[in-house]
Amino acid sequence: MDMMYMPDALNAIVDLMEADADKLSHRNSFNVTAMSFEPEQIAAEIRKHIPGFEISYEVDPVRQAIADSWPNSIDASAAKEEWGFKADFDLAKMTADMLDKLRTKL
């Protein structure tokens, strides 16, 4: 399922607001996405920074049913073409940034 780190989402909002309106054929409604990952993939990325990290979770059937009803990926090509959308964060960069921010709070 497609995901996006909040800084990328906020940058997308600002970039869209600042985009040349004459170049926007979709006006102000765009799909944007940055990455797709599963719980074990993010756990593996965290282990690169915290070797003993373990993950455990229980799937909530109600929330899983909602997620299963959504598409696995979305097409962000219009945002890329019309106003140059580009996510700055991939899974590795997002994980490092989140862990860095968490360390400063602890």
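1. Basis of the note. This is a predicted model, in which local features need pLDDT of at least 70 and side-chain atom pairs count only at pLDDT 80 or more, whereas totals for chains, interfaces and linings use all residues. Residues are numbered from 1 along each chain as its sequence is written, and side-chain values use heavy atoms, with hydrogens and water left out.

2. Confidence. The pLDDT, which is the predictor's confidence in each residue on a scale from 0 to 100, averages 94 over the protein chain, and 100% of the residues score at least 70. Helices (H or I, at least four residues) and strands (E, at least two) are DSSP runs numbered from the N terminus; confidence is lowest in strand β1 (residues 2-3), with a mean of 90, and highest in helix α2 (residues 39-47), at 97.

3. The largest core. A nonpolar core is here a set of buried Ala, Val, Leu, Ile, Met, Phe, Trp, Tyr and Cys residues joined through side-chain atoms within 4.5 Å, where buried means under 20% relative accessible area, exposed over 50% and partly exposed in between, with a 1.4 Å probe and protein chains only. The largest such core has 10 residues, namely Ala12, Leu16, Ala19, Leu24, Phe30, Ala78, Ala79, Trp83, Phe85 and Ala87. Helices α1 (6-18) and α4 (77-83) each supply at least two residues of this core, and the largest share, three residues, comes from α4. A second, separate core has eight residues, including Met35, Phe37, Ile46 and Met94.

4. Phe30 counts as buried, because its relative accessibility is 17%. Leaving aside neighbours within four places in sequence, Phe30 is in contact (heavy atoms within 4.5 Å) with Leu16, Leu24, Ala78, Ala79, Glu82 and Trp83.

5. Aromatic pairs. Rings of Phe, Tyr and Trp (its six-membered ring) pair if their centres lie within 6.5 Å, planes under 30 degrees apart counting as stacked, over 60 as edge-to-face and the rest as tilted. By this rule the count comes to three aromatic pairs. The ring centres of Tyr5 and Phe89 are 4.8 Å apart and the planes stand at 80 degrees, so this pair is edge-to-face. It links distant parts of the chain, since Tyr5 is in the loop between β1 and α1 and Phe89 in the loop between α4 and α5, 84 residues apart. Both Tyr5 and Phe89 are buried. For Phe30 and Trp83 the centres are 5.8 Å apart and the planes are at 80 degrees, so this pair too is edge-to-face. Phe30 lies in the loop between α1 and β2 (35-36) and Trp83 in helix α4, so the pair ties together parts that are 53 residues apart in sequence. Trp83 is buried because its relative accessibility is 13%, and Phe30, Trp83 and Phe85 form one aromatic cluster.

6. A charge over a ring. The criterion is that NZ of Lys or CZ of Arg is within 6 Å of the ring centre and within 35 degrees of the ring normal; the charged end of Lys93 sits over the ring of Phe89 in this way, 5.1 Å from its centre.

7. Glu82. This residue is in helix α4 and counts as buried, because its relative accessibility is 12%. The side chain of Glu82 reaches the backbone nitrogen of Ser25 at 2.8 Å. Not counting residues up to four places away in sequence, Glu82 touches Lys23, Leu24, Ser25, His26 and Phe30.

8. Met94 lies in helix α5 (residues 91-105) and is buried, with a relative accessible area of 4%. Beyond residues up to four places away in sequence, Met94 touches Tyr5, Met35, Phe37, Ile42 and Phe89. Met94 and Glu45 are 49 residues apart in sequence and 9.7 Å apart in space, C-alpha to C-alpha.

9. Glu45 is in helix α2 and is buried, with a relative accessible area of 10%; not counting residues up to four places away in sequence, Glu45 touches Leu91, Ala92 and Thr95. Ile46 is also placed in helix α2 and counts as buried at 15% relative accessibility. Leaving aside neighbours within four places in sequence, Ile46 is in contact with Phe53 and Thr95.

Terms used
A polar contact is a pair of N or O atoms within 3.5 Å; within protein, one must be able to donate a hydrogen and the other to accept it, and residues adjacent in sequence count only if both atoms are side-chain atoms.
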